[in-house]
Amino acid sequence: MVDSVKLNDSTSIPQLGFGTYLVPPEETVATVAAALEVGYRHIDTAQMYGNEAQVGEAVAASGIARDDIYLTSKLNNSKHGRDDVLRSFDETLEKLKVDRLDLFLIHWPLPTRYDGDFVATWKAMLELKEDGRLTSVGVSNFQPDHLQQIVDATGVAPAVNQIEAHPYFRNDAARLASHEHAIAVEAWGPLGQGAVLKDAVIGEIAAETGRAASQVILRWHLQRGDIIFPKSMRRERMEENFAIFDFTLNDEQVSRIDALDQGAAGRVGPDPDTFDWIG
Ligand code: NAD
């Protein structure tokens, strides 16, 4: 049974969802349909992934009530600034074939682009909530000082900060800063995009618990309280990643996984302070 995490805007989000980064559009309908069949009710996509329309098609064809599926998308890096935020949000709703989105995120802060003015983009994101077509608004890849700047400027903290986090890169600085503002943490790349699966310590704990490596890692995230949405295009892996509610890691096992942290060297993705790809 997937738990819900309460957000600072009084809504809630399923703690386990399904990621769609690098799911090619031509395979997205079947992939998301399979995830929904397995039981996932939270789908994470982005304008950048180029598969929103196919996610929408799978959701529409599933017959599952709109309010029973939690949908997240993210603002493309090329769409910062008020006009593009408003316009591209309309396009996202059209592509997803919904009249309401659960969560929309600024995908990257891009502090070296747009004159470093992600505050203006954040203000436009807040406008989107006004007419009821967006339920929650958040950010992704925001560093502690980025969070502080938008909160200082608007008095409104994002509902979530979606950041890279996994055993090789716990990302404690951004996690703690998020928690200080009562922002829920979504851990992207929860398996380190595959890098952590072959780790020897994870393998030992998998043997101790009789579980798969992926399940051990995902369970570690759940016990930290983070929201996760692992991605796989293979149904048996979707099922494996969903079957993580009937066992617990003990404190000693959690500590051994905590100790795998390599700091910034453990990142599998770019550094948000310098990442400037607009596409
Ligand atoms: P992930 O950590 O979920 O790892 C995915 C990789 O692990 C794939 O190669 C998959 O084949 C493999 N895998 C998954 N389950 C497995 C299993 N049970 N056994 C063996 N291998 C398995 O990486 P991700 O997809 O990058 O991250 C999850 C989601 O986070 C994305 O799909 C996307 O929705 C989101 N994301 C967001 C950002 C951002 O900047 N906000 C960046 C990257 C990803």
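**Salt bridges up close**

Across the whole structure, a search turns up 20 salt bridges (a side-chain nitrogen of Lys or Arg within 4 Å of a carboxyl oxygen of Asp or Glu). Side chains of opposite charge can pair when their charged atoms come close. This is a predicted model, where local features need pLDDT of at least 70 and side-chain atom pairs count only at pLDDT 80 or more, while totals for chains, interfaces and linings use all residues. Residues are numbered from 1 along each chain as its sequence is written, and side-chain values use heavy atoms, with hydrogens and water left out.

**View 1. R66 meets D102.** Here the two side chains form a salt bridge, at 2.9 Å from N to O. R66 sits in the loop between α2 (52–62) and β5 (70–75), and D102 is in strand β6 (residues 101–106), 36 residues apart. Helices (H or I, at least four residues) and strands (E, at least two) are DSSP runs, numbered from the N terminus. D102 is buried, with a relative accessible area of 7% (buried means under 20% relative accessible area, exposed over 50%, partly exposed in between, with a 1.4 Å probe and protein chains only).

**View 2. D172 pairs with R224.** This salt bridge spans 3.5 Å, N to O. D172 belongs to helix α6 (residues 172–180) and R224 to helix α8 (residues 213–224), so the pair ties together parts 52 residues apart in sequence. D172 counts as partly exposed, at 25% relative accessibility.

**View 3. R224 also meets D226.** Their side chains make a salt bridge at 3.8 Å, N to O. R224 and D226 are both buried.

**View 4. A linked network.** Salt bridges join R170, D172, R175, R224 and D226 into a network.
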